[in-house]
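Let's take a walk through this protein together. Have a look at the sequence and the fold, then read on.

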Amino acid sequence: MIQLTPPQFQKSFSFSKAEKEFMKLNHDIKNEDVLSIFKSNPREQYERLVQQIFLRQQAKQKFPSLYQHPDVFYPTSLSVEQSSSEEAAKFKASLFQGKKFVDLTGGMGVDSLYFAKQFQKGIIIEQNIELATISAHNFALLNQLNVEFGIGLHAEDFVNSMNEKSDLVFIDPARRDKHGGKIVRLEDCEPNIIQLQERIFEFTDHILIKTSPLLDINLACHQLKYVRNVYVVAIENECKELLFHLEKNYIGDYQIHAIHLKENSVDKLSFWNDGERLAISNLSEVKKYLYEPNAAIMKAGCFKSICDEFNFYKLHMNSHLYTSEQSIKNFQGRSFEVLNVLQLDKRKLQELIPDMKANLTIRNFPGSVADLRKKLCLKDGGNTYLFATTDFLNNKILIHTRKMMSSN
């Protein structure tokens, strides 16, 4: 019999008024300050508080809303690291709403916290008893009471006993092995969603899977059933996670969405996998403007469809740099005005850039940035941007540019 419990306060995870004042006064301590703190305060009494201060520092940018609440208790540094950011959690929760959701791998509970705002009720399963208990405690103090917790339950056990319909099942399989090493492949993660998916579809029509951004999208879609949408989520131009939306009995091509979350907006570029596969890129010499897609588009693999979307030309099939005669506003990546195109000519480069100071990027070009910078005697920085790449005639070229103010 599966036992579920409501969110509950735990005295062991609560702070007294004096403890909260101590954490507030010492919110910016560093590692080198710890010994002096323990000299003037009993270590056994203050060690927990010092640990919470460091965890709050870690959480400040990742969970700004939680950080504003002085009573939130943080589990471990690894839990904070592995949790979705507040921005990513809000995004994935915005994709669904309904009567009931199930989170099979609750963890610290950030994703569930935002799903709970979109659904009438939810069930959160977490096999780590202490982690689940902390999460239940935080839900209680945040007054998010429309959920129940399966504390200490394994996802497989809950799935095998489940018989009540849910509108959404969310799962974020653990991506570390027994030795703490990172895992990428779905079949190596715990729980094994490939094995569980058929059983889960007996009580839901929608599954959302969060995975490592390193996972091969096409391979995962081949291993999973009924894939309808794939979301590539990036924050500050760094790919953070992949989301696979499975819809029961869905047959057809899947759509890939490159999502770039910014402070006050979301950049989104969507395309069909088959459409990308069958698309043909128009190649061209370098034109007036140069464009470098953001990390979400690069991971999504939207290398040919992007040409149709923005009326771009590609410099080379493998370069993933784009060009046009027109300036494209609000492009999802970096935009540059082309000043010159030249061969690897150090003397000519010095004429164009007298101080030999430039930001250097390599795309489809042999060697590394460090090697080329040394060869050309370039210093890093400044307002000049150089791209070393291969053009459509297979010539190795340098593109001398300046960044456009309207680029992201």
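**From the surface to the core**

Start with Met317, which is partly exposed, at a relative accessible area of 38% (buried means under 20%, exposed over 50%, and partly exposed in between, with a 1.4 Å probe and protein chains only). Before going further, keep in mind that this is a predicted model, where local features need pLDDT of at least 70, side-chain atom pairs count only at pLDDT 80 or more, and totals for chains, interfaces and linings use all residues. Residues are numbered from 1 along each chain as its sequence is written, and side-chain values use heavy atoms, leaving out hydrogens and water.

You'll find Met317 in the loop between strand E11 (313-314) and strand E12 (322-324); helices (H or I, at least four residues) and strands (E, at least two) are DSSP runs, numbered from the N terminus. Together with Leu283, Phe392 and Leu393, Met317 forms a nonpolar patch on the surface, with about 340 Å² of accessible area together. The areas come from the Shrake-Rupley method with a 1.4 Å probe, and for residues only the protein chains shown count as cover.

Now head inside. The largest nonpolar core has 53 residues, and Phe312 is one of those with the most contacts inside it. A core is a set of buried Ala, Val, Leu, Ile, Met, Phe, Trp, Tyr and Cys residues joined through side-chain atoms within 4.5 Å. Beyond its neighbours within four places in sequence, Phe312 is in contact (heavy atoms within 4.5 Å) with residues including Tyr291, Ile306, Tyr322 and Phe331. Phe312 also belongs to an aromatic cluster with Tyr291, Phe310, Tyr322 and Phe331.

What about aromatic pairs? The count comes to 18, where rings of Phe, Tyr and Trp (its six-membered ring) pair if their centres lie within 6.5 Å, with planes under 30 degrees apart called stacked, over 60 edge-to-face and the rest tilted. Phe15 and Phe73 are stacked, 5.8 Å centre to centre with 20° between the planes. They link distant parts of the chain, 58 residues apart. Phe15 is buried at 10% relative accessibility, and Phe73 is buried at 7%.

Notes. Patch = residues over 30% accessible without salt bridge, like charges linked within 9 Å, V, L, I, M, F, W, Y side chains within 5 Å. Salt bridge = Lys/Arg side-chain N within 4 Å of Asp/Glu carboxyl O.
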